[in-house]
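Keep the sequence and the structure in view while reading.

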Amino acid sequence: FPTSTYIKMWADSQRELDTMLQREREEFLQPQEDHEKVMKMLATAYVQYVEIFRNLEAAHDHLIHRQKRAAVRQALDGVMGRLLEIKKEMVALDKSECHDMDGILMDLKRVPEDIEIPIPKYFIKENLRILQEREEYLHEILLNAGLLEQEAVTAMTLEEGIKVIQVAERARQGRARAAFMRRIYLEEKRHSRKEEQETGRNPDDVATCIQKVWRGYSQRKKTEKLREEEMIFLGMNSTEMINGTGSLPPELEAMSALQKANVLQGEVQEREDLSFRDELWKTEGPHIKETFQDQITQCFLECRHITGRFPDFPPEKTGGSKAIFIEKHPEQVAEELAAKREAEQKEKEMSGRNQEKAKAKKPEKAGKQAVDLSWKMGPSNFLSMLEEGSSQYQVFWENRDNKSDFLQDHDPELIKEGERGEVEEEIRVQVDEVMQEKLLKIKKALDAETSPQGKAKKEFRGKNKKKRHRKPRKRGHENLMMSLACRTIDSLYQELAEERLLIQVKNVNLSDYIGYYDCLRSILRQTGAHPMPSIPEVRQLVSLYGILPLGSQIVHENAPLVKSLLLAGPAGVGKKMLVHAICTATGANLFNLTPSNMAGKYPGREGVKMILHMILKVGKGLQPSVVWIRDTEKMYSKGATKGEEEMNFRRLAKLLPQFLKVLKPKDRVLLVGTTSRPFDANLGPFCKAYQKIILIPKPDYLTRFGKYFKEGTQALWKRLILRRGGALGRRLSLGCLAQVSDGFAQGALAEAVSAVLTELRLLQMARKPLSTAEFVASLAGHNPVYKEEEEAFQAWYAKTPMGKAWSAAQAAKEEEKKKGKKGKGK
């Protein structure tokens with residue numbers, strides 16, 4: 001029963017999550033003065049949340065029960081959001097995007113691979129059909145527009161032609177040889193039959209023939225029995241029972257159930273959602289309707305008994321009769337209103353006295369104000385979600401018997417419980433309309449009252465007649481907005497695709513961005529230096545700031561909002577690959593807003609505005625979306641503008657803050673910029689446009705070689721050669737290639753491999769194995785990343801807000817150390 005494994009995993013993760021929540025209530029809510037202790041506490045919680053996140057993601061991916069998956073999904077989204085909140089606190093405390101986690105990992109007995117951020121599969125799985133249809137639609141648009149590059153038809157080489165002729169000739173010779181041998185066999189057989197008829201059969205030959213037949217029969221029976229046992233063991237055939245008792249052995253029964261569950265998993269997960277709304281309307285609808293009417297009538301009668309008149313019916317904007325459905329008597333409501341008025345009067349009096357005292361006092365100097373250096377965890381939007389999910393798990397799922405529910409079908413009562421609130425809301429709206437009409441009739445009959453809303457409307461109309469204003473003239477921007485508002489998302493999508501502003505996403509996974517943990521970087525951080533992040537740290541930051549918020553709507557709305565992301569690094573280190581990896585993992589649309597791509601398409605400032613509005617409408621309508629700006633440093637270049645392309649850059653730079661301001665937490669749209677020369681831009685506006693800055697490093701020796709990694713992992717050189725179709729041999733030394741390629745970016749290595757492993761070279765590989773010299777000669781034509789360029793990136797990052805905060809924190813630590821040494825000396 002395979003589901004029990006993941007149910008147990010879910011239960012273990014839920015217990016660990018309860019422990020973490022209890023720990024957060026005890027430790028995180030109390031102010032702390034020792035920042036190192038706080039950092040250790042946050043890092044420990046971060047590692048433990050990542051482990052819980054990984055287990056919950058595996059359970060959610062393999063469970064097939066609909067309500068269980070929904071419960072795990074709630075906990076999974078809560079853990080993702082809490083992980084982002086803890087990361088924000090760690091960055092604010094450590095003044096760096098990357099942290100020294102070696103000590104924490106050793107204390108928890110974890111390896112660096114344990115803090116890799118997993119990417120939930122439901123980002124793509126739940127929207128797979130929509131994404132496939134959108135991809136086919138985009139492919140059709142590009143095909144009709146003639147924008148797809150057709151594969152070039154290559155002629156057959158001389159060696160390929162010779163090989164085809166040789167294969168055909170050898171096949172002909174084989175067929176002729178087989179026919180010749182068959183004739184010889186039949187001839188010999190006829191001669192042997194003639195000899196037997198003349199002389200008679202030998203008794204030994206007859207016995208041998210009988211033995212052959214019997215041994216063949218018995219061996220076939222044994223083989224069939226063994227094959228049947230194997231098929232039963234694998235769960236592929238259960239018609240024949242081994243022990244003859246009508247039931248399988250426990251081990252075989254478990255394996256058979258596992259096979260069945262694997263087959264049914266996909267089918268059950270893809271079942272359509274059932275709805276019991278009609279049944280609730282029929283069975284419980286009349287009772288709910290009668291209850292609402294009785295409550296509203298009782299409240300109106302009690303209000304008239306106290307105030308002497310019927311109250312006005314609450315408007316629908318304020319919730320309608322929801323305000324009536326509270327467990328309070330009218331006397332309690334009147335007392336609360338009176339107490340509220342008295343409290344407001346007292347506050348006014350106190351505020352007046354405080355203002356007089358503040359005027360009498362002299363203002364204090366800024367230097368004498370007390371600064372609170374203690375740390376306290378900020379408010380969380382996900383702890384309540386996790387606590388609610390934990391309580392629901394304890395009530396519904398913790399003590400549930402899962403053995404009897406093999407098919408893992410839905411639970412009708414849970415579905416009804418979830419839909420009962422929606423049914424009550426629909427009934428309440430209908431009841432409000434009926435009761436509002438009844439209330440107006442009763443007020444006219446008994447109190448001779450008219451609706452005050454009608455008077456207000458008449459008075460408002462009269463005011464409008466007296467104060468008429470001329471309509472403002474429609475400007476170009478308003479005309480643009482109106483024209484875009486009238487157009488459908490499909491038409492805008494097609495136009496953006498035809499103009500190549502909406503491009504196809506390359507199928508690249510984040511795991512393809514190969515790189516391994518390097519302990520030397522953590523040693524440098526301990527000495528006070530700020531090295532470039534390692535490739536695993538880049539993967540973590542891209543997952544945290546790009547993939548997780550874009551993939552989950554709940555996480556994006558409640559987690560710390562990141563609207564823009566900058567990937568800065570030398571040419572060829574994989575910035576473009578990371579952009580496509582974000583889109584692949586989340587199923588996002590990719591808009592190419594590079595001004596060189598916009599040249600000549602929508603001229604002028606109004607054209608750039610129109611592009612941004614079109615992207616906003618399509619990006620919000622078809623979430624998630626990524627807006628990519630390549631060579632983004634040119635938008636903020638220090639020199640004067642020369643051509644139309646640079647003019648587009650400057651226009652885009654001025655409109656970009658407005659574009660980001662329009663994005664709300666509900667809009668899963670991420671702006672990603674890539675740059676290989678960030679030091680050419682004006683730093684102030686450049687850093688304001690991009691909320692998070694990630695430096696992308698070149699591959700180190702471990703990433704290029706990777707000899708000492710665990711089995712199953714591949715280093716960069718090995719992965720590139722094998723993917724291209726090459727084969728490793730004795731003449732090819734990966735260690736030598738890793739040493740020679742020191743300083744070269746991943747793109748240079750990939751181009752060198754593709755230049756060597758052509759189709760002709762792959763055909764020659766059988767008789768001419770690959771050698772190290774071939775790749776070295778190809779690599780010599782590329783430029784490496786020199787040490788001066790890498791130092792320029794580090795110097796530029798030191799001038800960014802995060803870099804300045806890191807330098808200030810390190811200077812403060814040095815001062816504290818000096819003061820401590822002086823105190824000891826005295």
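Arg-539 and Glu-116 join their side chains in a salt bridge, 2.7 Å from N to O. A salt bridge here is a side-chain nitrogen of Lys or Arg within 4 Å of a carboxyl oxygen of Asp or Glu. Arg-539 sits in helix H19 and Glu-116 in the loop between H4 and helix H5 (122-125), so the bridge ties together parts 423 residues apart in sequence. Arg-539 is buried, at 11% relative accessible area. Buried means under 20% relative accessible area, exposed over 50%, and partly exposed in between (1.4 Å probe, protein chains only).

The model is predicted: local features need pLDDT of at least 70, side-chain atom pairs count only at pLDDT 80 or more, and totals for chains, interfaces and linings use all residues. Residues are numbered from 1 along each chain as its sequence is written, and side-chain values use heavy atoms, with hydrogens and water left out.

Side chains of opposite charge can pair when their charged atoms come close. By the salt-bridge rule, the count comes to 25.

| Pair | Closest N and O atoms |
|---|---|
| Arg-82 and Glu-85 | 2.7 Å |
| Lys-40 and Asp-107 | 4.0 Å |

Arg-82 and Glu-85 both belong to helix H3 (residues 66-94). They are three residues apart, about one turn of the helix. Arg-82 is buried at 1% relative accessibility. Glu-85 is buried at 8%.

Lys-40 and Asp-107 link distant parts of the chain, 67 residues apart. Lys-40 is in helix H2 (residues 35-62), Asp-107 in helix H4 (residues 102-107). Lys-40 is partly exposed at 47% relative accessible area, and Asp-107 is exposed at 53%.

Now the helix pair. Helices are DSSP runs (H or I, at least four residues), numbered from the N terminus. How do the axes of H19 and H21 cross? The axes of H19 (residues 535-551) and H21 (residues 575-586) come within 10 Å and cross at roughly 40°. Axes are lines fitted to C-alpha atoms over the stretch in contact, and angles run from 0 to 180 degrees between N-to-C directions. H19 and H21 are therefore oblique to each other. Oblique covers what is left after under 35 degrees (roughly parallel), over 145 (roughly antiparallel) and 65 to 115 (roughly perpendicular).

In H19, Val-538, Val-542, Gly-546, Ile-547, Leu-550 and Gly-551 meet Leu-578, Ile-582, Ala-585 and Thr-586 in H21. Contact means heavy atoms within 4.5 Å.

Technical notes: Helix = DSSP H or I, 4+ residues; strand = E, 2+ residues; numbered from the N terminus.
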